[in-house]
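Please read the following report alongside the sequence and the model. It moves from strands and sheets to helices and then to the nonpolar cores.

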Amino acid sequence: MTKAIDPTAYQLKSVASGSVFNDTGWLLDAPGETQAGLIRAIYEKKQLHLKESDYGLFVFADWLPVTRFLMGSSAPVTYKSEGLATKLGLTRLYITFSGFWPERNALMRSCSFKETEAYSVAARIDGRQPGKVLVVASAGNTARAFAAVCSENRIPLLLCVPEDNLNALWFDRPLNECVKLVSTQKGSDYFDAIHLSTIICGFEDFYPEGGAKNIARRDGMGTTLLSAATSIGRIPDYYFQAIGSGTGAIAAWEANQRLIDDGRYGSHTMKLMVSQNAPFQPIYEAWKANSPEMLFYDDDLARQHVETIDAKVLSNRKPPYSLVGGLYDALINTDGEVLVVTNKEAKAAAKLFQEAEGIDIHPAAAVATASLIQAIKKQRIDTTKIVMLNITGGGEERFRQENILYYLKPDLTFSPDANVDFIRTEIQKLRW
Ligand SMILES: *Cc1c(COP(=O)(O)O)cnc(C)c1O
């Protein structure tokens, strides 16, 4: 179901060259440019005017590249912490919560901020797409969010997920047939799923979602900061988030720039305080070495590290770090820091959060919370300033207990070395 609206007016800008151009439909890159860099949406409205709250995420439609409103969405919720703030000795701690917490009006049924990007991306679709089936590769939360949103809104979707991650695909209702799933055989990983999705996107009738390169994805995630700034009345001084790809942090930095141009929320750039789950810490290693490129990461070692960490959603080995307008630039421009925390620190932080605030949080959000605790201990932040803690996922335990769950089953399973012709023949059997 959709509510008709005037599409948000925007143009696109290449961060690398500064050139400005129209969105001719699902552009993910600047046409004709060779340097690896992001494109950004430049919204016609420089000031953000919130729509009525029953628009869910689309209260922020002024700064989302969307052509329509989809039903069933929920915006991130920001509130001033008392419990955790007191325990940590912070006077102005604001928690931005994405997930399921009805008492606070957070109603994301896939329980993470991936739902913000799924709604935003789905609402960017306008009939000018190169093919008809959207393809998304993911190891978990992203697939769940896109599946739920596309099912609810009857958007043809093909998910590519490693077989070992299928347990992430739980839902509180059966999904519509417009959502199909292909998996890569047991023992394969996220990169095999990405590889498969790339092959499928080479076939007629399929088009890639685009990941960090999709303006809708980043601006969807950027609503966490829009929620914070519009609730607080000011851009925060520090932004804490656990990262795998860092897309959420890039998005927050971009939203920060729009808020400065808006003029009502301050003219300062908040410090990005991003965190990884040790020992999987490739972004930390690159940043610590002052390197604008990611460093070499041995395959076997990386796999071993992924095995070890609790916050598996943070295990991205090819983040959008070095491209123009990417994570490295975001950290440089915000005088940012990268922190690392152990499983043990994250577990303790999750427990503290639950006691102090009254809701379970995702292991990745626990990493962010632990990084805040660490930053205070090591006196890395001024505790009198405004701190935004981005709780990127929460309420999942509770939601899963309270609902009967359905699991999405693969329509097809491929070996990671299946050849293109075989994949094409099999995929053609799927009917949307
Ligand atoms: C994906 C995810 C992250 C990491 O987000 P990025 O900004 O893309 O690195 C953090 N927390 C949760 C719950 C996630 O699902």
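## Strand β13 and its partners

Strand β13 and strand β20 (residues 412–414) pair in the parallel sense over three bridges, where pairing requires that DSSP find at least two bridges between two strands, and where strands (E, at least two residues) and helices (H or I, at least four) are DSSP runs numbered from the N terminus. Within this pairing, S183 has T413 of β20 as its bridge partner. Towards β11, β13 also runs parallel, and six bridges join these two strands, with L159 standing opposite L181 of β13. This is a predicted model, in which local features need pLDDT of at least 70 and side-chain atom pairs count only at pLDDT 80 or more, while totals for chains, interfaces and linings use all residues. Residues are numbered from 1 along each chain as its sequence is written, and side-chain values use heavy atoms, with hydrogens and water left out.

Strand β13 covers residues 179–184, and six of its six residues are buried, a term that means under 20% relative accessible area, as against over 50% for exposed and in between for partly exposed (1.4 Å probe, protein chains only). V179, L181 and S183 point one way from the strand, whereas K180, V182 and T184 point the other way, and all are buried.

## The five-stranded sheet

An open sheet of five strands, with parallel pairing, has the order β14-β10-β11-β13-β20. Its edge strands are β14 (206–208) and β20, each of which pairs on one side only. On average, neighbouring strands of this sheet are turned by 30° against each other, direction ignored; such angles run from 0 to 180 degrees between N-to-C directions, with axes being lines fitted to C-alpha atoms, for helices over the stretch in contact. Strand β10 (residues 133–137) runs parallel to β11 and is joined to it by four bridges, and A137 stands opposite C160 in β11.

Helix α4 (residues 190–201) packs on this sheet, touching β10, β11, β13, β14 and β20, and its direction makes about 150° with that of β11; contact here means heavy atoms within 4.5 Å. Helix α14 (residues 420–427) lies across β11, β13, β14 and β20, and runs at about 175° to β20.

Where is A168 found? The residue lies in the loop between β11 (157–162) and β12 (170–171), and it counts as buried because its relative accessibility is 15%. Although A168 and G140 are 28 residues apart in sequence, they are 5.1 Å apart in space, C-alpha to C-alpha. Leaving aside neighbours within four places in sequence, A168 is in contact with A139, G140 and R144.

## A three-stranded sheet

Another open sheet, of three strands with antiparallel pairing, has the order β3-β2-β4. Because β3 (20–21) and β4 (39–43) stand at the edges, each with a single partner strand, one side of each is left without a neighbour in the sheet. Strand β2 (residues 10–14) pairs with β4 over five bridges in the antiparallel sense, and K13 has R40 of β4 as its bridge partner.

The axes of helix α6 (residues 223–232) and helix α7 (residues 247–262) come within 8 Å and cross at roughly 40°. The two helices are therefore oblique to each other, given that angles under 35 degrees count as roughly parallel, over 145 as roughly antiparallel, 65 to 115 as roughly perpendicular and the rest as oblique. The contact is made by L225, L226 and A229 of α6 with A252, A255, N256 and L259 of α7. Eight of the 10 residues of α6 are buried, among them T223, T224 and I232, and just after this helix G233 takes a positive phi of about 95°.

The axes of helix α2 (residues 114–124) and helix α3 (residues 141–152) also come within 8 Å, crossing at roughly 45°, which makes α2 oblique to α3. Residues of α2 including K114, Y119 and V121 meet residues of α3 including N141, F146 and V149.

## The nonpolar cores

A nonpolar core is a set of buried Ala, Val, Leu, Ile, Met, Phe, Trp, Tyr and Cys residues joined through side-chain atoms within 4.5 Å. The largest one has 86 residues, and those with the most contacts inside it are F58, L134, L159 and L272. A second, separate core of 39 residues includes V77, A106, F353 and I361.
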